[in-house]
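Hi,

Here is the structure I promised to pass on to you. Please open it alongside this message, and my notes follow below.

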Amino acid sequence: MSEFPDENIDRRLLDAIRGRASMEDIANLRGPEVDTPAAAIEALKQGNERFFSGETQRTVVSVNQRRSQIISQTPFAVILGCSDSRVPPQMIFDRNLGDLFVVRVAGQIVDPATQGSIEYAISHLKCKLIVVMGHEGCGAVKAALASDEQIAKESANIRYLIEQIRPVCERLPAIRDEKARMREAVTQHVRAQVARLRQNPVVQTFEAAGTIAVIGAYYEIGSGAVDFFISPEELAVD
C-alpha cells in the first residue's frame, strides 16, 4: 500500500475526472492495499514512529483524493479505541482518509455494537488487522477503579460501561504507585477485550484462516508512542 497519494496519482485522478471517467474507474486509481496482517502491523508501527518523532507525513486530502473513495473504502486495519479526545487513531498512526476503520467507545469495550462494526470491517471491507487500543489516563478505567458508592452515583449507561471494565480491575495485584496501577489496569483490560473479541465466531473464522490478526496496544499520551501486544505472551490475561 502506498503510504500517501503522490502528485502523479493526484494528477491521474484529475485527468480521469476531467475526462468524465466513472466513479469505479476513479476508485481503481488508488494505490494497492496492505494485503497481510503482518504488513498492516508494520504500517501502523511505522506511522506511529513518524507521529511520536514529529515527522508526520499526513497530507491535506484533495478534492480528487476524496472523489476516488466515493464508490468504496479500503481500510487495512480496524482500531477499537477509546472515545477520549486526546486519542485520535488517524493522527497517532499517521494515516490518511480511508486507511483505518475506527470504532470508538469509552473504555474500548467489546460489546454487541462494537462487535457488529468489527464484523462488518473484516467481512465486507477485508481489513487485515484488528487492534484493541487502550491509553494512558483512561477515564473509563479510572471510573472502574472507584468505590461502589462512587459508581452507584453514575447514570445507568455509564454504569454499563464501567461494568464491562470492572472485573479486570478487581483482579489487579496490589500496586502502590497510582500511575503504574492505572497502566496495569488499562493493559489488562485491553488483553481481556482482545480475548473476548477472539471468542466472536466471525473473528474466529477469519483469524483461523490467517486473513486477520487480533492484537492489543497501549498509547502513552505523554510520549506519543504506542506499545503493541502481539505475541501470545504479551496478550495473556492474568
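This is a predicted model: local features need pLDDT of at least 70, side-chain atom pairs count only at pLDDT 80 or more; totals for chains, interfaces and linings use all residues.

Residues are numbered from 1 along each chain as its sequence is written, and side-chain values use heavy atoms, with hydrogens and water left out.

First, the overall picture. The protein chain has 12 helices and five strands; these are DSSP runs, numbered from the N terminus, with helices being H or I of at least four residues and strands E of at least two. Of its 238 residues, 44% count as buried, where buried means under 20% relative accessible area, exposed over 50% and partly exposed in between (1.4 Å probe, protein chains only). The accessible surface of the chain comes to about 12000 Å², and carbon and sulfur atoms hold 50% of that; the areas come from the Shrake-Rupley method with a 1.4 Å probe, and for residues only the protein chains shown count as cover. Taking contacts (heavy atoms within 4.5 Å) between residues at least 6 apart in sequence, 73% join residues at least 24 apart.

Next, the helix pair. Helix α9 (residues 156-170) includes Arg-166, and α9 packs against helix α10 (residues 178-197) at an angle of about 120°, with the axes 9 Å apart. Axes here are lines fitted to C-alpha atoms, for helices over the stretch in contact, and angles run from 0 to 180 degrees between N-to-C directions. The two helices are therefore oblique to each other; angles under 35 degrees count as roughly parallel, over 145 as roughly antiparallel, 65 to 115 as roughly perpendicular and the rest as oblique. On the α9 side, Gln-164, Ile-165, Val-168 and Cys-169 take part, and they meet Ala-185, Gln-188, His-189, Ala-192, Gln-193 and Arg-196 of α10. By type, the residues of this contact are five nonpolar, four polar and one charged (Ala, Val, Leu, Ile, Met, Phe, Trp, Tyr, Cys and Pro count as nonpolar, Asp, Glu, Lys and Arg as charged, and the others, Gly among them, as polar).

Back to Arg-166: is this residue buried or exposed? Arg-166 is buried, with a relative accessible area of 19%. Beyond neighbours within four places in sequence, Arg-166 is in contact with Ala-144, Ala-146, Ser-147, Asp-148 and Ile-151.

Finally, the loops. Most residues other than glycine have a negative phi. Asp-94, however, has a positive phi of about 50°; Asp-94 sits in the loop between α5 (89-92) and β2 (100-104) and is buried at 0% relative accessibility. Gln-108 also has a positive phi, near 35°, and is found in the loop between β2 and α6 (112-123). Gln-108 is buried too, at 0%, and, leaving aside neighbours within four places in sequence, its contacts include His-189 and Gln-193.

Ser-223, in the loop between β4 (213-219) and β5 (226-229), is partly exposed at 34%. Its C-alpha atom is 9.2 Å from that of Ser-53, although the two are 170 residues apart along the chain.

Best wishes
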